Amino acid sequence: MASAAAAAAAAEWEEAERKVLVARKAAFGLPTACPTCLPVLLYLRMCNVPFDIHVDSSFPDADHIPYVEFGECVAFNNEKGGVIEYLKEEKIVDLNSKHPSVSYSDVLSTKAMVMTWLSDALQYELWLASDGSIPHDIYFSDLSWPIGKILYWKKTREVKQQLGITKLNAAEKEEEIYQKANAAYDALSTRLGDQIFLFDNSPTDVDALFLGHALFVLNVLPDTSVLRSCLQKYDNLVNFTKHLKVQLLEADSDSSATGLGSTDPSSSSTPRKRASSGRSYKPKPRAKKERTEEEKKFRRKAKYFLATQLVAVLLFLSLMGGADSSELDDEDGVDYED
């Protein structure tokens, strides 16, 4: 049953004239400034897959983004281990299969470092150790101020819970996070050596994951970032990032000729129809001279979404009573300054 589904998905992939990556918007000189979307984009380009990029800015806290549409199929970020794992497991595009001599345990352990230690450090800097301006530019700039503020506050609380940070252990956790990040960079630098990629001389999914992380750290985080300073201590990792940025991203202007993927100028923030089975109907492109029934239905849903968010804001403000911002900071905030 599973093999038949995989064969069907692989056939759908081959038959699809063009694949579509739905991601968050470009910023900071990157085709998508979302640290979750960027590795997927890089993986597709490493696989030389022709694709278009569509921007979805309607639901900034949605965990199904990024996702890839091909034919009648959709691979979501929050299903089957994510987009890259789905493409590998369904034997659609698997960079790792080109490395039969490389130890699977080595690849797995290296990948685990990137997806845990480095991911945690990036989440910490993005949501807890910054002034909030970077997350605003990436996720919330298209929303009204109160909705964006509430969603940002909600996300910071989620990250604190995810990392196990409280007022009592904040300093210890910060030190632990950066120690693990340093250890991961050191191990990756040793693994890379003077090679072009982390394993032999062709890319794996680990290269895409780490490259996405490193591009975000070097291009998005400020000069005062501790994580950025940690990464810059390793010249070969920085050179690896710069070299592949030129090869995979700065060739974007010639992407229509090279088949590396391009951003659709008519990209819409309208989300596509989701499905939990791994397959969904994808509406065909249609002329936009007049609104279709689907577009009218979406606009009604969008108005309802904004109305519910506004109610949530008003409820939040009423529950807070007369508490001022300094009281909220004392209760939920953590001072991350030395």
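How many residues does helix α6 have, and how far does α6 reach from its first C-alpha to its last? Helix α6 has 19 residues and reaches 27 Å, close to the 27 Å expected at 1.5 Å a residue. The expected span of a helix is 1.5 Å times one less than its number of residues.

**Before the tour**

This is a predicted model, in which local features need pLDDT of at least 70 and side-chain atom pairs count only at pLDDT 80 or more, while totals for chains, interfaces and linings use all residues. Residues are numbered from 1 along each chain as its sequence is written, and side-chain values use heavy atoms, with hydrogens and water left out.

**The whole chain**

Display the entire chain, which holds 13 helices and 5 strands. Helices (H or I, at least four residues) and strands (E, at least two) are DSSP runs, numbered from the N terminus. Of the 338 residues, 49% are buried. The term buried means under 20% relative accessible area, exposed means over 50%, and partly exposed lies in between (1.4 Å probe, protein chains only).

**Stop 1: helix α6**

Select residues 145-163, which form helix α6. Its buried residues include Ile147, Leu151, Thr156 and Leu163. Now select Thr156, which counts as buried because its relative accessibility is 10%. The side chain of Thr156 reaches the backbone oxygen of Trp153 at 2.7 Å. This is a polar contact (a pair of N or O atoms within 3.5 Å; within protein, one must be able to donate a hydrogen and the other to accept it, and residues adjacent in sequence count only if both atoms are side-chain atoms). Leaving aside residues up to four places away in sequence, Thr156 touches Trp127 and Leu128; contact means heavy atoms within 4.5 Å. Gly164 follows α6 and has a positive phi, near 70°.

**Stop 2: helix α8**

Move to helix α8, residues 205-219. Because 14 of its 15 residues are buried, α8 is largely enclosed by the rest of the structure. Within α8, select Leu211. Is Leu211 buried or exposed? Leu211 counts as buried, because its relative accessibility is 0%. Not counting residues up to four places away in sequence, Leu211 touches Leu42, Met46, Phe240, Thr241, Leu244 and Leu248. The C-alpha atoms of Leu211 and Lys245 are 8.5 Å apart in space, although these residues are 34 apart in sequence.

**Stop 3: strands β1 and β2**

Select β1 (residues 19-23) together with β2; the two strands run parallel and are joined by 5 bridges. Two strands pair if DSSP finds at least two bridges between them. Lys19 stands opposite Phe51 in β2. Strand β2, residues 51-55, is largely enclosed by the rest of the structure, because 4 of its 5 residues are buried.

**Stop 4: the loops**

Most residues other than glycine have a negative phi, and most peptide bonds are trans. In the loop between β1 and α2, select Phe28. Phi of Phe28 is positive, near 55°, and Phe28 is partly exposed, with a relative accessible area of 29%. Next, select Asn48 in the loop between α2 and β2. Phi of Asn48 is also positive, near 55°, and Asn48 is exposed, with a relative accessible area of 55%. Finally, select Pro66 in the loop between β2 and β3. A cis peptide bond, with omega about 10°, joins Ile65 and Pro66.
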